[in-house]
Amino acid sequence: MAKIKVDFSKIIGKMKPVHAVGQPPIIGWSSDKLFHYLTEAGIPYARLHDVGGGFGGGKFVDIPNVFPDFNADPEDPASYDFTWTDPLITSLMDSKVEPYYRLGVTIENEVWRKAYRVNPPEDPEKWAKICAGVIRHYTKGWANGFEYDIKYWEIWNEPECTNGRRVMWTGTWEQYLELYDVTSKLLKAEFPEIKIGGYASIGFYALKEMDPESTWCKDCQSYIDLFLQFMQYIKDHNCPMDFFSWHSYDEPKYTALYANYVAEKLKEYGYGHAEQHLNEWNCGPQNRDKACHAAATAGFIISMQNSPVDIGMFYDARCGTSIYGGLFNPMTLRPLKSYWAFPAFNELYRRKDQVEAESDTEDLYVAAAAGDPEGAVLIVNFRNETLDLELDLGGKEITSCRLTDDAYEYGLCNFTGKLNPYSVTLLTVR
C-alpha cells in the first residue's frame with residue numbers, strides 16, 4: 001500500500017515555471033498553427049535552440065542566420081536578416097509564451113564530415129556586438145524591431161563536447177571562456193535589465209554511480225571538471241551570470257542530486273544569486289507517445305519543482321520525426337501522450353502556492369498547490385504496476401480527476417484509489 005499525504009495548510013514555496021519547452025512546434029517553415037497548444041498548456045517559455053532543423057534551417061534564430069556576413073558592420077541594421085525570426089518571436093509573444101533566446105548555433109550532429117558553424121567566432125568582441133544588435137532589435141525597437149520583454153539570453157550551448165564529436169564547439173575550452181567573458185560583459189553593460197547566462201552544460205552524470213564498463217558517457221567526469229573551471233574563471237574575471245543552464249537526459253530520481261550539486265557550487269563560487277535552468281531534459285525519448293513516457297515527463301517536472309531548479313525546459317516541442325520531439329504527432333498534428341503532463345502541471349502552477357505533499361514510495365511522485373476555492377494534486381506512478389493508494393488530503397474532498405495512462409489522455413474519470421501503471425493523475429480538491 002503506497003501512501004501520500006498532502007497538507008494544504010502548509011505552504012512551502014511558489015510553483016515554478018518548470019514546464020517550459022525547447023523548440024516551438026513550427027509546421028513547415030513558418031506556420032504557428034500548433035502554438036495554441038502551448039497557450040492552452042500554460043507553457044511559460046520556449047527556448048530557441050536547434051530551431052528549424054539542421055543548421056537552423058538556414059533561416060531562424062542562429063547568429064549566422066540573422067547576421068549572414070560576419071565581415072559586415074554590426075552597427076548597420078542592413079547587416080541583419082530577421083525575416084524568419086521576427087514572425088517566430090511575434091507568434092510566441094502572441095501565444096503568451098516568452099522566447100528564451102540561445103545566442104549561438106544549431107547542433108551539427110554529423111560534424112565529422114565537416115564543421116560549418118560550430119567553430120569559435122573569429123572575433124569574440126565583434127560576435128558580442130552582433131548579439132547586442134539582436135537584443136536591441138527585439139527589446140529596444142532597433143532596426144525596425146520590437147520592444148518585447150524578453151528576459152533570458154543564453155551564450156552558446158554545450159561547448160564542452162570533449163568526446164571527440166565536437167558537435168557544438170570545435171574550439172578549445174579557453175576559447176569558450178573568452179567568448180563568455182567578452183559577451184557577458186558587453187551585453188550586461190548595454191542591457192542591464194536582461195538576464196545573461198550559459199553555458200547549457202551537457203550535464204553532471206558522473207555524480208551518480210555508473211557501471212565502470214559503460215562507454216555511453218566516458219567523458220562525464222570531464223564535464224564536471226570543465227564546469228568547475230568555468231566557475232573559477234568567471235569568478236576570477238568578475239563575469240556577470242544571472243543564470244546557469246545545464247542538461248539531463250536521466251531519470252527523474254537523479255534530478256535533485258544534480259541540481260543540489262549545481263546550487264552548492266554556484267554558492268561556493270559567489271554566484272548563489274544565479275538562477276538554475278535545466279533547459280534540456282527528456283527521460284526515455286525512445287518511448288514517445290507511450291504511457292511510460294508521459295509518466296516520466298510528469299515525474300521529471302515534479303522532481304524539478306521539488307529541487308533547486310528555477311526553470312525547466314523539455315527537449316523538445318518540435319513537430320517532427322525525431323524521438324526527441326515528444327509532444328506532437330507529425331502525421332496527425334495532434335498531441336502525443338506526454339503533452340498532457342504540461343497542462344496537468346499548469347493546474348498547479350497557476351494556483352501559485354505549493355503545499356506540502358509527501359510520498360513514501362520510490363518512483364511515486366507528488367506535488368500539490370493551494371487554491372481558492374479548489375486546490376490541485378498531481379500524482380505520477382512511474383512504475384509498471386498498479387499501486388493501491390492511501391491518500392490523506394486532510395479532509396479535502398476530491399471534485400475531479402483527470403488521468404493519462406495507456407487508456408486515457410488527460411481524460412475525466414472517477415478516482416478509484418488505485419494508481420494504474422505508468423499513470424499521471426490530476427486531482428482537484430475542495
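Which helices each supply at least two residues of the lining of the second largest pocket? Helix 2 (63–66) and helix 4 (124–139) do so, where helices are DSSP runs of H or I with at least four residues, numbered from the N terminus. The model is predicted, so local features need pLDDT of at least 70 and side-chain atom pairs count only at pLDDT 80 or more, while totals for chains, interfaces and linings use all residues. Residues are numbered from 1 along each chain as its sequence is written, and side-chain values use heavy atoms, with hydrogens and water left out.

**The second largest pocket**
- A pocket is an open set of points on a 1 Å grid over the protein atoms alone, where a 1.4 Å probe fits, with protein on both sides within 12 Å along at least five of seven lines, and its lining residues have an atom within 4 Å of a point.
- The second largest pocket is lined by 17 residues, and Pro-64, Phe-70, Arg-117, Asn-119 and Pro-121 are those nearest its centre.

**Helix 8 and helix 9**
- The axes of helix 8 (residues 291–305) and helix 9 (residues 341–349) come within 9 Å and cross at roughly 30°, these axes being lines fitted to C-alpha atoms over the stretch in contact, with angles running from 0 to 180 degrees between N-to-C directions.
- That angle makes helix 8 roughly parallel to helix 9, a label for angles under 35 degrees.

**Backbone details**
- The peptide bond joining Gly-198 and Tyr-199 is cis, with omega about -5°.
- Another cis peptide bond runs from Tyr-315 to Asp-316, where omega is near 0°.
- Asn-238, a residue other than glycine, has a positive phi near 55°.

Key:
Parallel < 35°, antiparallel > 145°, perpendicular 65-115°, else oblique.
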